[in-house]
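This report looks at one strand residue and its surroundings, and then at the aromatic pairing elsewhere in the chain.

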Amino acid sequence: MKRMKRATFTAAALLSCTLTFSGCSLISQVVQPEQDQTGEQTNADGQDQGDQSGQDQGDQSGQDQGDQSGQDQANGQDSSSDQSASNSSNSSSSSTSSADGSTGSDSGASSGSQGQVSIGESFEDPEMQDKIEVLSAVRNFDSSKKASSIELGGEVVLLEVKVTPGQKYSGLIQSGALKISEDGGTNFRYDQTDGLESEMRAAGFEPWEDINRRDGGTHQGWLAYVPNEKQDTYTIRYERGPGKVMGTDEKVPKFTKTFDIPAL
């Protein structure tokens, strides 16, 4: 009887060790990163953190708004009649301006005569093997959506870009890689193409679309920028940040190229 119990215990222990070893081996295979991705995993991690942060902020915001809501509603009742009268006056003034044809969202606005200038800048990202050609730019683009920015001294600038992505790595080539500076290269700002797509298409300028390197081919489109202050020339910077090849110790250094948009 003692021999049977001892044999049973030995077999159970041996089975437990076998399952534990197999489980560790399986987990190791699951978390192994893919080697054909460069920046996709980093973006995914950023999105996860962003989602969690949004939830935490949302919980806190809900409490703060709940406490403040009662006070705001009480204060709002006292000023509602004054605000209503002010809005009525503004509406009447806006209608008069539109009738005169001087302002209004239906009419285009420009900081000068619209015109196209040639740039002819070509370069290649040596690490990613992406080929970028900056063909031309449109100055003083007529835009009703950015009429207020133009009236305050700004300008809408379009940039024509052609890209042939490399096939060495995967990933996207996005519009954010090309930024504009109105102060000679000290500060750079992103494009605002998304808000002007309909106006651009109506004028014959096909907006830029992000490029997947795996698609290959050649892609061409226009980016829209809205500097706050109109300048004779602008500086454009193309920047692809540094990265690391997933599953290896290989690092990819960043690549930067700057050039100017000339005056008309």
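A residue counts as buried when its relative accessible area is under 20%, and as exposed when that area is over 50%. In this predicted model, Thr235 has a relative accessibility of 14% and therefore counts as buried. Thr235 belongs to strand E8, which spans residues 234-240, and its side chain makes a polar contact of 3.2 Å with the side chain of Asp260. Beyond its neighbours within four places in sequence, Thr235 is in contact with several residues, among them Lys179, Gly184, Phe188, Phe259 and Asp260.

| Pair | Centre to centre | Angle between planes | Class |
|---|---|---|---|
| Phe123 and Tyr238 | 5.5 Å | 55° | tilted |
| Phe141 and Phe205 | 6.0 Å | 80° | edge-to-face |

The pair of Phe123, in strand E1 (residues 115-124), and Tyr238, in strand E8, links parts of the chain that are 115 residues apart. Phe123 is buried at a relative accessible area of 10%, and Tyr238 is likewise buried, at 2%. Phe123 and Tyr238 form one aromatic cluster together with Phe255 and Phe259.

The pair of Phe141 and Phe205 joins two loops, with Phe141 between strand E2 (131-139) and helix H3 (147-151) and Phe205 between helix H4 (197-202) and strand E6 (211-212), 64 residues apart. Phe141 counts as buried at 2% relative accessibility, and Phe205 is buried with a relative accessible area of 10%.

Terms used. Residues are numbered from 1 along each chain as its sequence is written. This is a predicted model: local features need pLDDT of at least 70, side-chain atom pairs count only at pLDDT 80 or more; totals for chains, interfaces and linings use all residues. Side-chain values use heavy atoms; hydrogens and water are left out. Helices (H or I, at least four residues) and strands (E, at least two) are DSSP runs, numbered from the N terminus. Buried means under 20% relative accessible area, exposed over 50%, partly exposed in between (1.4 Å probe, protein chains only). A polar contact is a pair of N or O atoms within 3.5 Å; within protein, one must be able to donate a hydrogen and the other to accept it, and residues adjacent in sequence count only if both atoms are side-chain atoms. Contact means heavy atoms within 4.5 Å. Rings of Phe, Tyr and Trp (its six-membered ring) pair if their centres lie within 6.5 Å; planes under 30 degrees apart count as stacked, over 60 as edge-to-face and the rest as tilted.
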